[in-house]
Amino acid sequence: MRQRVILAVLILNAGKVVSIERLAEAIWGPHQPPTARNQIVICISGLRRALTEAGASADLLGTASPGYVLHALPEQVDALEAERLAAEGRAAQAAGDLELAAKLFRQACDQWRAPVLAGVESTYVEGEAHRLEDRRLTLTEERIQLEIALRRHSDLIHELTALVETNPLRERLRAQLMLAQYRSGRRAEALDTYRTGRTLLVDELGIDPGSELQSLHDTILRDEPEPVVVEPPRPADVPPPPPPPPLPDETHRAVVPAQLPADIPHFIGRGAELAELDALLKERASQNLLTIALITGVGGVGKSSLAVHWGHRIAELFPDGQLFVDLRGYDLNAEPLSAGVVMDRFLRALGVGGDRIAHELDERAAQFRTTIARRQLLIVLDNARVIEQVRPLLPGSGNCCVIVTSRDPLGDLTAREGATMVHLDVLSATDSAALLADVADPAVMNEDPGATARLGRLCDGLPLALRIVGARLTARSYWTPARLVKRLADERRRLDELSYGQLTVRATFALSYRDLSPEAARMFRRLGLLEVPDFAPWVGAALLDIDDIEGENLIEQLVDAQLIEAVGRDCADQVRYRFHDLVRLYAKERALAEESEGERMEAVSRALSGWLSLTEEAHRREYGGAFTQMHGSVTRWRPQDVDLLLERPLHWLDSERGALVCAVSQASDLGLTEHCWDLAVTATTLFESRSYFDDWRTTHEIALAAARAAGDVRGEGAVLCSMGSMHLFQQSPCRAGERLRDALELFERIEEPFGRALVLRNLSLLDRLNGRFDHALARYEEARAIFAAVGDHFAEAHVLGGIAQVHLDQNRLELARTLLSEALDAFTRLGSERGRAQILNRLGETLLRLGRLEEAESACEAALALVRHRLDGIGQAYILCGLGEIRLRQNRLRAAAESLDEALLIAREVRERFVEARVHLTLGDLHARQDRLEEAVRDLSTARDIYASLDIRLWRFRSLAALGRVLARQGDVAGAVETLKSSLACWDDPEAEECVQVRELLAELS
């Protein structure tokens, strides 16, 4: 599946370099696994092989920094070929050859032979598929318009009927069907087509049909002739032609208003948005359609600035003038302006006398449209609050351009009127610094670029805040950027500091907060209490203790008010939301002012317990059975849609990991000690599965300090035990032993048997790695008995696998195989894929040593399928190494080398040094078999050095023993003897067969 996503992205960007980061985002979204780059490299290799086998040239898929490029010709990509044919069709149309134009458009539409990119699971690819499908429909509409011009009405009805059935809300298709029916003498059917469409639009979107459908409907009702004119297209970079001259009786009163405010000083950035607006104007002008741009964004983000700045850029394209009004939709001190008042102002500005202005709103709107029908005007409607302020002011022709700014999405404006939404985000770090330097003294700002960058971050990239800071620095020339940084660093004072004259960030947010419903306002305040980078809808439900849907609806109200923003869907297919920093400070400020301490603590505790509940459930679903972890007594709050949230538990973790770390920290800050250490410990195995060791360490250091400060001995022991596991996974056995022994002492002091069993299990692993097999077995058996007594069958099965491994190390192969079969049955009953994969891997090693090579390979391949499905990098590294060893014994040297090379690549990517050393150990054996003794010495020396750094005596012994044998084959007797003696200094068990073999070789060499 990953290969298909990569190929799809490369095809969609044929001829362009696609970065590895972009490919990773297309596959995994914003939360990629640590092995993402490695997995993409592997997929690219597989793609190249598949393309070559299919007959493609070797250089079709090329490497180019910072990623890859598909060197495909335009005619090899259907979408590009369709656009080429459509362009030729428009040229033929412009030349008057409608027959050829229709033929070319048919060929363009024929490039679509099936659903686009069907079966490719990727949010990015699915979005592109939707775009291409929309493009297909647009080309189809252009082709049908040509067919209608060629009077082929009857031939089109069947096709158009099917298109309208599958795209019932697409008004142009419905209009074309109505016209074809009407021109074919099927007037009643045409009217029924309109009625069906109107019902759908009202029921689905709550809007009436657009002007094209309504006008056609009226024409059909009156049974009037409706000529069909197909105009040749104009080039996209040519403005529309001037409108016809005014009628003779209008000439004497033609007025050219120029109401656009002065251009914005210190306008910085917004290059992408300006380019988008330019492209929109050119596209609409080429089609003689009304241009409506809706600029949205949080208060203070620069919507009005962009509107005015772009207005000045394009003003010359509208020679009949510019109309501007501040609709005051977000003014604390004045009521919003109604459309009727604005039309009165506009009509007077256009030369219409006050005594001639209609009194009724509908008549005044019609008068306004009539007055501007033959004019090319730029109309800027700033700070619109509701659609009713805007809709009556829209022109009825395509000669004009309308710019609307609003904090609200004004859905009807896009759905019904065809407006294009341009959403403004805060400025980038570079643009923030540039704006500060432009407003304040550039020399002062450039003296301390670090402080300037910090100011930009503290202002959250919000242009209003940046302008305030720049103005304050200008007014107080004796202040430095570093001084203002110190004043802004205190979150409690930051909004106070971001005020200058009548400019204040707090007031800007207050305008949006004022209009929220009481419940939405409470949601806003409580979300501001959380110190997480982003959140899913269930978090809002927890804060208010309401159901998930109600919580999501309230959050969406905050999105509409531009107080929070949706940042896309996460790996668990949940929409995630976030605050801009300054808005969050305002929300927290309102919570502190309007809610009691008890209400605030109860809300936050509920959210934290929600994360704890979901983390527990994710662990259970991923690993099956009991948790093998200690927990506190915190009451859990459980979201309603757990099955949806945790359909893929590790994907949920990828989405929530940042929030989990912050939740642990906030629980510590609030003195919620059990929330803190329980959440940290519960997330342990999830962090381990993705190699998120930094998150593991951070959460546990916070939790350990919190437990110790609160005198929570049980919590302290649980965290120490989990930290011991972390050090084991990071191959730091000495530090692991220290943590585990400290935890064991605490559990024995408070007589906590379950905690003692958890520690014993991990200490057994340390004993085994250092060849203390009797100690390992004794501790494993004691732990197993405790787990059985408390009913933790998952931990019991895990320990059973450990006992089997000890017997395997001591060459008791049949006993090990029997115990592993029991453990495999247990994990199968518990539904643990991870447990099954671990046991299958050990079973593969056992069967290898029993000489049952085909069975060994089958066991490891089954294990590999399980861990690949889970994207478990550590598991893949271990199992691929085991497969390499099996294939080496099968004398399949090339297959063995491939498995080992992949294992080494992944092991390095996930920083699994134990496996890295084991791969080098096996590669040494491989090279020795091929008589490549120098390469064998190099690999075995690497393995020896890694095991020495990890202080794992048993495996250091094995690497030294193997190296000694190769040195003996090279004729380096002295070196071989010294190395073999060093191996016995690491581990010398008189009964172990490996030690016996080393002593025998020493005797021969002596």
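## Tyr 780

Tyr 780 is part of helix α36, which covers residues 773-790. This is a predicted model, and in it the residue is buried, with a relative accessible area of 5%. The cut-off for that class is under 20% relative accessible area.

Apart from neighbours within four places in sequence, the residues in contact with Tyr 780 are Arg 761, Ser 764, Leu 765, Val 799, Gly 802, Ile 803 and Val 806.

## Helices α33 and α34

Helix α33 runs over residues 713-729 and helix α34 over residues 733-749. Their axes come within 8 Å of each other and cross at roughly 155 degrees. Angles over 145 degrees count as roughly antiparallel, and α33 and α34 are therefore roughly antiparallel to each other. The crossing in which α33 passes α34 is left-handed.

On the α33 side, the contact is made by Val 713, Arg 714, Glu 716, Gly 717, Ala 718, Leu 720, Cys 721, Met 723, Gly 724, His 727 and Leu 728. On the α34 side, it is made by Arg 735, Ala 736, Arg 739, Leu 740, Asp 742, Ala 743, Leu 746, Phe 747 and Arg 749. Sorted by class, the contact of α33 with α34 has eleven nonpolar, six charged and three polar residues.

## Helix α19

Helix α19 consists of 13 residues, 463-475. The distance from its first C-alpha to its last is 18 Å, close to the 18 Å expected at 1.5 Å a residue.

Ten of the 13 residues of α19 are buried, so this helix is largely enclosed by the rest of the structure. The buried positions in α19 are Pro 463, Leu 464, Ala 465, Leu 466, Ile 468, Val 469, Gly 470, Ala 471, Arg 472 and Leu 473.

## The chain as a whole

The secondary structure of the chain comprises 47 helices and twelve strands. The C-alpha trace spans about 120 × 70 × 60 Å along its principal axes.

The chain has 1006 residues, of which 54% count as buried. Of the contacts between residues at least 6 apart in sequence, 67% join residues at least 24 apart.

How values were computed. Residues numbered from 1 in each chain as written. Predicted model: local features only at pLDDT ≥ 70, side-chain atom pairs only at ≥ 80, totals over all residues. Heavy atoms only, no water. Axes fitted to C-alpha atoms, helices over the stretch in contact; angles between N-to-C directions. Helix = DSSP H or I, 4+ residues; strand = E, 2+ residues; numbered from the N terminus. Parallel < 35°, antiparallel > 145°, perpendicular 65-115°, else oblique. Left-handed = near helix turned anticlockwise from the far one by under 90°. Contact = heavy atoms within 4.5 Å. Nonpolar A, V, L, I, M, F, W, Y, C, P; charged D, E, K, R; others polar. Expected span 1.5 Å × (residues − 1). Buried < 20%, exposed > 50% of the residue type's maximum accessible area, 1.4 Å probe, protein only.
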